[in-house]
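Let's take a walk through a protein chain together. Have a look at the picture first, then read on.

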Amino acid sequence: MPTIKYPLEYDALGSLVTLEEDTDALFAQLLSICAVTEPGTFPYTPTYGVYDPTFRAVDRGNYMIQASRFIPEIIITAIDGSVDPNTGATSIRVSYRRK
């Protein structure tokens, strides 16, 4: 089932761009959304997401648990986080394999 791409994009015909099921693009989007969603944001899945790492390191274990629970098609093999010393931006690189 196609999923709407986030952030929203439009194609040349003015339709929303979608991501196909079981693609790397879809898994990347799902992993990104999990990383930027605070637990409790979604009432029907209150445990989804990880706490904001602004003032602490990314909790890799919690992230792996959440990703495993809500994206069962993949197995996370590595997580690497870094902070840009110039901007303070946090980036997370996730490696995974499909089940």
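**Starting from helix 1**

Helix 1 has these buried residues: L26, F27, Q29, L31 and C34. Here, buried means under 20% relative accessible area, exposed means over 50%, and partly exposed is in between, using a 1.4 Å probe and protein chains only. Helices (H or I, at least four residues) and strands (E, at least two) are DSSP runs, numbered from the N terminus.

Before going further, a word on the ground rules: this is a predicted model, where local features need pLDDT of at least 70 and side-chain atom pairs count only at pLDDT 80 or more, while totals for chains, interfaces and linings use all residues. Residues are numbered from 1 along each chain as its sequence is written, and side-chain values use heavy atoms, with hydrogens and water left out.

What do the buried residues of helix 1 pack against? Their partners are strand 1 (3–4), strand 2, helix 2, strand 3 and strand 4 (90–98). Contact, by the way, means heavy atoms within 4.5 Å.

Now zoom out. The chain has two helices and four strands, and along the sequence they follow the pattern β-β-α-α-β-β. Of its 99 residues, 19% count as buried.

Next, the middle of things. The largest nonpolar core has 12 residues, including F27, L31, C34, Y48 and V94. Helix 1, helix 2 (60–70) and strand 3 (74–83) are the elements that give two or more residues to this core. A nonpolar core is a set of buried Ala, Val, Leu, Ile, Met, Phe, Trp, Tyr and Cys residues joined through side-chain atoms within 4.5 Å. In soluble globular proteins, nonpolar side chains tend to be buried together. Take C34 as an example: leaving out residues up to four places away in sequence, C34 touches Y48, G49, V50, Y63, Q66 and A67.

Finally, is E21 buried or exposed? E21 is exposed, because its relative accessible area is 54%. You'll find E21 in the loop between strand 2 (18–19) and helix 1 (24–36). Beyond its neighbours within four places in sequence, E21 is in contact with M1 and L26. A polar atom of the E21 side chain lies 2.6 Å from the backbone nitrogen of M1.

Key
A polar contact is a pair of N or O atoms within 3.5 Å; within protein, one must be able to donate a hydrogen and the other to accept it, and residues adjacent in sequence count only if both atoms are side-chain atoms.
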